Protein chains: 2
Amino acid sequence: MDRIKNQIIYLLSSGEKSVWEIIDFQDASLPEFFEKLNEMKKEGIVKMEGNVVYLTDKMKKAVYEYPFNELKCMECEGTGYRIMMNIKKKYEKILKDRPKPIEEYDQGYIGIDVALRKLAFLIERGDIFGEIFILGDDDLFSISLALTFLPKKIVVVDIDERIIDFINKTADEYGLRVEAFLQDLQKENEEFLRKFDVFVTDPVETLPGIKLFLSRGISSLKGIGSSGYFGLSTLEASRKKWFEIQKMINEMGFVITDIKRQFQVYPDDGKNFFEYQEKLPIVKKLRSKSNYNWYKSSLYRIEAVKEPNPLIRGDFVLGEKLYRDEESWATPI
Amino acid sequence: MDRIKNQIIYLLSSGEKSVWEIIDFQDASLPEFFEKLNEMKKEGIVKMEGNVVYLTDKMKKAVYEYPFNELKCMECEGTGYRIMMNIKKKYEKILKDRPKPIEEYDQGYIGIDVALRKLAFLIERGDIFGEIFILGDDDLFSISLALTFLPKKIVVVDIDERIIDFINKTADEYGLRVEAFLQDLQKENEEFLRKFDVFVTDPVETLPGIKLFLSRGISSLKGIGSSGYFGLSTLEASRKKWFEIQKMINEMGFVITDIKRQFQVYPDDGKNFFEYQEKLPIVKKLRSKSNYNWYKSSLYRIEAVKEPNPLIRGDFVLGEKLYRDEESWATPI
């Protein structure tokens with residue numbers, strides 16, 4: 001049985017779909033998906049015209065239209081969490097003038113509703129009440145945290161001066177307890193070692209990149225019981241990469257407490273990283289422009305059961321390898 | 001910062017709660033929770049009268065009522081999945097005469113809505129189309145799978161003859177593609193080795209028990225890409241136990257693709273294992289009868305990235321140790 005092909009056939013059984021909707025629905029990484037799609041064309045299972053993919057007549061006869069079209073809860077977009085509307089109003093207003101993602105740092109932000117659902121999850125876990133460290137915050141998640149006035153302290157580090165300025169300016173204007181500092185994560189900053197209860201990050205998805213981001217996050221934590229949150233896609237991280245990452249997490253003394261599939265959505269809202277999509281390998285390969293919110297990532301939560309043991313300590317310069325590997329088909333070249 | 005205490009204070013900030021609702025809301029295991037609760041009483045943070053726990057006046061002044069009472073989506077009970085109503089009707093009718101859980105095998109079943117949401121998740125993953133092996137099925141989940149008519153094959157093994165008879169009788173009556181066989185998982189059955197695409201189980205929660213159940217599940221799988229589903233609570237499995245289990249999963253050649261917190265609810269519906277609750281250690285310790293659906297477990301999905309390597313092969317007799325360890329405070333003695 002080929003699970004991924006079955007997923008695609010299942011989705012198409014109710015009618016033609018945009019190739020970007022298929023990418024979103026299925027579980028393989030982008031290179032694996034591209035191969036499956038080509039196989040399915042050759043095998044006479046599907047046809048593709050422009051953006052659109054559909055089952056061949058032969059195939060249509062072999063499957064019936066599955067009666068379970070909508071599996072996900074529409075109310076919460078399949079996340080299980082509500083949005084706090086009082087926070088949303090302020091948050092939305094503040095984020096109106098957010099800095100646009102730039103290619104140089106592989107930026108791309110999660111949607112406002114997504115950030116608020118992530119916030120609900122942190123509150124539920126009791127993680128909101130501690131000292132929180134955010135490594136890279138083009139999501140501007142720190143501001144949603146600060147708007148609850150519950151965290152004892154929030155510190156953000158980012159490589160992009162525009163983000164730092166935006167957060168510090170907002171903190172001043174709204175009286176929020178959040179401070180942002182300029183930092184390239186390739187350098188270690190001793191000031192932030194062993195100081196926090198919780199870290200939050202959205203790492204690049206190469207193995208060395210993940211190792212670096214997680215090590216910096218983990219180095220910032222106080223000890224046993226401290227926790228970390230990060231996003232990881234299936235599109236740019238295959239199951240094998242996930243396996244290596246989970247081994248790493250275990251070695252660093254952490255248990256995975258949650259993996260929330262497709263919790264984080266990076267909306268194509270006219271400002272996000274889809275604006276330079278002609279530079280993404282997957283767009284070039286498919287010769288098809290994105291017309292669907294297809295880039296999502298799973299939200300991991302991890303917790304220290306031993307003294308945190310970061311695999312990288314001290315400065316560690318990666319350069320290009322930080323951003324790109326053979327699976328990074330949604331990263332601009 | 002004490003995360004668990006913060007979770008409890010957060011919950012109680014909106015008013016007094018049943019101790020069972022608190023158990024459900026917080027993340028610690030039962031022995032850890034019991035200790036925290038006693039500490040909080042001594043520290044003058046909470047008081048307990050009968051079933052009910054509330055903040056002391058002193059504490060009430062220190063916190064304000066947090067404005068984010070409802071964090072979970074009510075529509076889907078925080079699971080993110082819908083219920084297929086056409087399947088539910090038949091499933092509910094069939095399950096009316098289900099065998100009652102018995103102490104001897106530490107039985108206890110998930111609710112009907114829960115089973116249907118789990119089914120939606122299996123469909124979405126494409127796992128529904130394969131050959132499916134179920135190890136222990138007092139949940140009668142196999143019947144919900146079979147009612148979709150999508151799986152190629154479903155095989156159930158269970159230690160309880162009543163379950164076997166019920167499933168086979170139902171299969172006959174409704175023309176369902178499911179077969180059930182009597183088997184004690186302590187014995188290996190060669191007939192079921194390397195035959196399936198997917199396994200589903202709800203293991204006992206002792207470390208040797210989990211190792212046995214997962215090994216049997218994993219032995220039944222065909223190879224790379226095959227997947228497994230199982231439940232694991234936080235109440236009878238501490239973070240340290242989770243850590244050991246995740247190491248095991250990694251050693252067996254599997255990646256964890258999903259951990260869905262509190263996805264599985266074991267309803268106190270007048271028939272489930274709460275009927276003999278006076279035999280559960282936690283009920284004795286708290287001197288308080290359950291009045292809330294507090295027993296839940298996380299749903300794990302794992303996937304083989306290497307040739308499956310079960311840690312236990314051949315017969316393996318555990319006896320009492322299968323069911324009980326120092327964390328099994330919701331298992332009858």
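Select the strands of chain B, where an open sheet of 3 strands has the order β1-β3-β2 with antiparallel pairing; two strands pair if DSSP finds at least two bridges between them, and strands (E, at least two residues) and helices (H or I, at least four) are DSSP runs numbered from the N terminus. Because β1 (17–18) and β2 (46–49) of chain B stand at the edges with a single partner strand each, one side of each is left without a neighbour in the sheet. Between β1(B) and β3 (residues 52–55) of chain B there are 2 bridges, and B:Lys17 has B:Val53 as its bridge partner in β3(B).

Next, select helix α1 (residues 3–12) of chain B, which packs on the sheet and touches β1, β2 and β3 of chain B, where contact means heavy atoms within 4.5 Å. The direction of α1 makes about 95° with that of β3(B), angles running from 0 to 180 degrees between N-to-C directions of axes fitted to C-alpha atoms, for helices over the stretch in contact.

This is a predicted model, in which local features need pLDDT of at least 70 and side-chain atom pairs count only at pLDDT 80 or more, while totals for chains, interfaces and linings use all residues. Residues are numbered from 1 along each chain as its sequence is written, chains are lettered from A and ligands numbered from 1 in the order in which they are written, and side-chain values use heavy atoms, leaving out hydrogens and water.

Now move to chain A and select helix α6 (residues 112–124), where 11 of the 13 residues are buried, meaning under 20% relative accessible area with a 1.4 Å probe, protein chains only; among them are A:Leu116 and A:Phe121. After α6(A) comes A:Gly126, with a positive phi near 80°.

Methods
Buried < 20%, exposed > 50% of the residue type's maximum accessible area, 1.4 Å probe, protein only.
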